[in-house]
Amino acid sequence: MFQIGISQPYNNNLFAPGHTACAGCGQSLAARLVLNALGPNVIVATATGCLEVFSSNFPQSSWEVPWIHSLFENASAVASGIEAALKVLGREDEAIVIAQGGDGGFADIGFGALSGAVERGHNILFIVYDNEAYMNTGVQRSGLTPFDASTTTSPAGKCSYGNPTDKKPLAQIVAAHGAPYAAVTSVGYYRDLEKKVQKAASIKGPKFLQIHVPCPLGWGHDTSLTIKVARLAVQTGLYPLFEMENGEITSVVKIVPKPRPVEEYLKLQRRFRHLFRPGAEGELKKIQDIANENIRKFKLYEG
Amino acid sequence: MAQETKTVVLEGSRAVAEAVRLCRPDVIAAYPITPQTHIVENLSQMVADGLLKAENIRVESEHSAASAVLGASATGARAYTATTSQGFLLMIEVLYNMAGLRLPVVLTVANRGISAPLTIHNDIQDSLVARDTGFVQLYAEDNQEALDMHIQAFKIAEDYRVSLPVLIGMDGFILTHSFEPVVLPTQDEVDAFLPSYKPIFYLTTKAPLTMGTKTDPEFYTEARYMLHKAQQNAKRVIVEVARDFKDKFGRFSGDLLETYNAEDADIIFVSIGSLVSSLRAIAKELREKGEKVGVLKVRTFRPFPQKEIVEALSRAKLVIVMEKDASLGSTGVLAQEIRAAFYGNSPVPRLSGFVVGLGGRDVTRETVLKALQLAKESDHDCTFLDLNPELLEEV
């Protein structure tokens, strides 16, 4: 017989070590920061993907909080049911309900369920760990894969510079539903991450948080560079960190001292290696233009 | 003042909604699809009128309907949903998951055919797709049975020996939109029969647990085996619950099978759902003319009552399976299962299987008599009856 019991949280971490995430995994670090920022009074629904696979391999689990995994596309709908159940059973104050997963589970296959749950106004915190591709299945392109990234289904080749489209603006789309809070943060800015997690948790209704989480395996950077890569994404202007409250942008993380050229970010990653071959200069310019447009639009830097 | 049991004339969908209301579900999530709509419209009105204290989640798809009741059930709530046809097919992925997680949700399927070609009319091709999901599957012949079945379904699902979701099939339009007199139990009666749901494991911060883990090969088979065992346990529990229901409500309305004049019958018709009522009438007529004809109704399709079916049919000379489904490229699903049940048994009656009533086509007295005549002449296997040759292209 298997014993079911509660172990003492290790080092007060609600996301226990011993899981099977890769060295340098940005997602596992972010998941731990999120849980520790929220405390033990949460119920978590997790979509299929890396996070679920590396943290819940029976009979072990990293989750020191009530946690459920159902399917890939339904975390938001499962969380809707959890939230409704807590309400009707008079247990509303017991826990913050979280629906979480990767970019594929929320921006693509679970997009309908996310949209439905946000539109219905459930009191749920949605957390998307954005590692910019389907990493669990071997680095396939998702709707949040950035422009020109080489993935296994959008590979660079003689006739291609990789992914032909830019990222879907998921946080803005969620905000457009009327969600009171939608924000973007990064595992490279963990104070910002903690602050936004706690702020989101304090708001009643649907709230959304997208966290940029580098994937050394999928992006092809050294496992020691996860935080550096995450910070460069922000400092180049390619990954703006912002908050939207009731549809309006209310804060951005400013770039200091000044924006870095996108090459500094791109050159650390194998997924952009093809952009540094002769003849690809035009592509680098296109990516710099994306960064410049972000800087202008979000007022990330006023030099 | 205690309410009194009363007989009322209700539409089938309303009868089901009343039964569900009496079971006090905590969470309902559904997406509209014909002919399931009247069930969830009635329940929505009950919530709106304060007659039912439940959270009613108007989800954006059937996939999310199933997922929401899954989440609610995992949190310790009694949860209910309903669908049909394409919506049911969209749910299928979640249904496997729900059974694997051992969550006692109750699901009504207002049975309807499947596209293409598009049809909104009745057959049972939809819910039979769930054959291997792990769901307990019951089929109603009439509205009273549908009503009673829903009350029993929660009890079967929530029995710890079972801990499985239960699906109730009722013929779309034929039952869901027909008005019939039904005995409507009182709230006190149902409360005495069905206690509130007390899950052993559920999502709570008081005792955190991990549900829906990933498994490696050394654990997966055992989990699936236990699911199979739970199905086998359900066979016993369904019978117990039917007896308990009779004690409380005074009518026997349950069990795995139901027979009509089958004990001494030479010929036995076998079917599922409302078609059984027609077969009963025709069998009666034939018996009056001196032919020993009986009927076997398969109420419980999962767990499949193999032993009981063999027992009920083995004294007959001829078995005629009439079913509103076909496993394309094989035979009718019910005929297939009955043939399999007889393997290794003796004596084995002759058996013919006919596919009838697809996409809402009426199964008339003539259809049934044709089947009888054909089956007497020779053995039939997945013979489609009432085909219009003018519409067929020979390739």
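## Before we start

This is a predicted model, where local features need pLDDT of at least 70, side-chain atom pairs count only at pLDDT 80 or more, and totals for chains, interfaces and linings use all residues. Residues are numbered from 1 along each chain as its sequence is written, while chains are lettered from A and ligands numbered from 1 in the order in which they are written.

## Where chain A meets chain B

Here, 40 residues of chain A are in contact with 38 residues of chain B (contact means C-beta atoms, placed from the backbone, within 7 Å). On chain A's side, the top contributor is α3(A), with eleven residues. Other elements giving two or more residues include β1 (42–46) and α5 (111–119) of chain A. Helices (H or I, at least four residues) and strands (E, at least two) are DSSP runs, numbered from the N terminus.

By class, this side of chain A has 24 nonpolar, twelve polar and four charged residues. Nonpolar covers Ala, Val, Leu, Ile, Met, Phe, Trp, Tyr, Cys and Pro; charged covers Asp, Glu, Lys and Arg; the others, Gly among them, are polar.

## A pairing across the chains

β2(A) pairs with β9 (residues 210–211) of chain B in the parallel sense, over two bridges (pairing needs at least two DSSP bridges). Opposite I68(A) you'll find M211(B) in β9(B).

## Inside chain B

Chain B is assigned domain 1 (6–249) and domain 2 (259–391), with bounds from an automatic or database domain assignment. Their contact takes 27 residues from domain 1 of chain B and 19 from domain 2 of chain B. On domain 1's side, α7(B) gives the most, with five residues.

Terms used. Two residues are in contact if their C-beta atoms, placed from the backbone, lie within 7 Å.
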